[in-house]
Amino acid sequence: MMHDREKSDSPIVATKPTNGGGRPRPEPVEPRGEAEGNARQPSTLRTPSRDGVTAGLERVRTAARLKKKERFTALLHHVGADLLRQAYSWLKQDAAAGVDGVTWEEYGVDLDRQLADLHARIHRGSYRAQPSRRHYIPKPDGRQRPLGVAAVEDKVVQRAVVEALNAIWEEDFLGFSYGFRPGRGQHDALDALAVGIETRAVNWILDADIAGFFDAVSHDWLMRFVEHRIGDRRIIRLIRKWLKAGVMEAGQVKATTAGTPQGAVISPLLANIYLHYVFDLWAERWRRREATGDMIIVRYADDIVVGFRHKGDAERFWSEMARRLATFALTLHPDKTRLIEFGRRAAADRDGRGLGKPETFDFLGFTHICARSRAGRFQLRRRSRRDRMRGKLREIRDAFWQHRHAPLDEQGSWLQQVVRGFFAYHAVPTNSTALSEFRGIVAWHWLRALRRRGQRDSTSWASINRLVERWIPRPRILHPWPSQRFAVKHPRWEPDAGVPLVRFCAGGAQQ
């Protein structure tokens, strides 16, 4: 139900223990041992008034944690001049300008006056949100993703409001929700999924995709969800202004009656609030009340992966999930949502039925594969998605074509940054082959670009190899194994151990 106030204690992946396991019920345990305050505070330069801002929001966070049904009726006063200044410093300095054409640097020329005027307009109710400027970026499949580029002033206000709302909603969001949350990232979601598949009895994976989620969000339902916790009418009016501001495309402003603009600072938080009530609370309740075996859940924004022990559970969950989403104006993508046999027993079970290898699924830029380690044990192998690699290589090829006449040191320095950025995300265990292929194709594109500088250019492989060794870093695994990082970030006391050992668990703390 929409008014469900239940909150899971699980910090990462929700799980259900097997029935009749014969083990005593785990005792309540302490929360994960992260440095909670530091992880949730943005990293920025400390100002004389920073302590006051942080202390005020910390009181809001404490109240939200202790009073799960509390509605905050006085919240806008936390959006003061100091928080607006911090919000401005947190924005990307090289971000594109909005419809007014004002850049981050131009807005900061007379920053004190700008923020003082903005603060006054916010608190007397005369602040007006500007339409977002429509911008398209290419997707890996060749289609265009529409983005809404907000004006700098709107970004500042949204970022400050997000900081205040996070103090409340971070106490409500469940552990298996990862997308665009403070102190959580894509690799945390990947780690949780890997640990869940490798340590729990998971035999089936439901790879769910919500069709056009950001464009389909119902404004009416969204505001009802926000008002569960926010009673300050001034905050509610601000959010409504951003939702109704519209989008400017080809000089025409189009009104928006549904959805949240992708690219807006406030959109990720609103998306998480929407799915918290539509999916998270419902899925957590279904796990506890309906599942007959182990079940794991990982959600990153609108990307959802659910693992099951029994196929019957998976089919019932899929069917009921579709009906649940339809109630709130959402639908599952018919082609991208699928149920596959996947897990430690999948290969043997399929071989016994005369079927081929288990299917694979994609999540957060990696293809997940059922494999075996050198010792013969089940291993979850992750490889960079081929379409993402091809897309990045096309970008590099096109950049080479445009700058093939630039000095070699300039080309090499730029290429070094690009490859390091790709490796920083993709250099996970079991992905060495893909990294080596990526480096080799980059070298080939560089050679072709140099040979096309003129008809007489005869750059040899020996020459390009020397350039590659100098400028392009060799593949090296930069991320630890998922279980290692998961254990460090989310320690748990072993409830039935004779001594207080620390262990990791895909289900996190359970009661």
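**Helix H5 and what lies beyond**

Modeller: Glycine 125 comes after helix H5, and its phi is positive, near 85°. The model is a predicted one, and what follows should be read with that in mind.

H5 itself covers residues 111-124. With 14 residues, H5 reaches 20 Å from its first C-alpha to its last, close to the 20 Å expected at 1.5 Å a residue. Its buried residues are Leu111, Gln114, Leu115, Leu118, Arg121 and Ile122. Viewed down the axis of H5, these residues fall within an arc of 130°, so they line one face of the helix. In general, an α-helix has 3.6 residues a turn, so residues three or four places apart point the same way. The face of H5 turned away from the buried side carries Asp112 and Arg124, both exposed. As for partners, the buried residues of H5 pack against helix H3 (81-90), helix H4 (104-107), H6 and H10.

Helix H10 takes in residues 233-244, twelve in number, and reaches 16 Å between its first and last C-alpha, close to the 16 Å expected at 1.5 Å a residue. The buried residues of H10 are Ile235, Ile236, Leu238, Ile239, Trp242 and Leu243. These cover an arc of only 160° around the axis, which puts them on the same side of H10. They pack against H5, helix H6 (152-169), helix H9 (219-226) and helix H11 (267-289). Glycine 246 follows H10, again with a positive phi, near 85°.

Moving on to the sheets, four strands form an open antiparallel sheet in the order E6-E7-E3-E8. Strand E6 (295-300) and strand E8 (338-341) are its edge strands, each pairing on one side only. From one strand to the next, the twist averages 15°. E6 is joined by six bridges to strand E7 (residues 303-308), and the two run antiparallel. Within that pairing, valine 298 has valine 305 in E7 as its bridge partner. Helix H12 (residues 311-327) lies across E3, E6, E7 and E8, at about 15° to E3. Helix H7 lies across strand E3 (204-209), E6 and E7, running at about 165° to E6.

Three strands form an open sheet in the order E9-E10-E11, with antiparallel pairing. Strand E9 (361-363) and strand E11 (378-384) stand at the edges with a single partner strand each, so one side of each is left without a neighbour in the sheet. The twist here averages 40° from one strand to the next. Strand E10 (residues 366-372) pairs with E11 in the antiparallel sense over seven bridges, and isoleucine 369 stands opposite arginine 381 in E11. H7 (residues 186-199) packs on this sheet, touching E9, E10 and E11, and its direction makes about 150° with that of E11.

Key: Residues are numbered from 1 along each chain as its sequence is written. This is a predicted model: local features need pLDDT of at least 70, side-chain atom pairs count only at pLDDT 80 or more; totals for chains, interfaces and linings use all residues. Side-chain values use heavy atoms; hydrogens and water are left out. Two strands pair if DSSP finds at least two bridges between them. Axes are lines fitted to C-alpha atoms, for helices over the stretch in contact, and angles run from 0 to 180 degrees between N-to-C directions. Contact means heavy atoms within 4.5 Å. The expected span of a helix is 1.5 Å times one less than its number of residues. Buried means under 20% relative accessible area, exposed over 50%, partly exposed in between (1.4 Å probe, protein chains only). The arc is that of the directions from the helix axis to the C-beta atoms.
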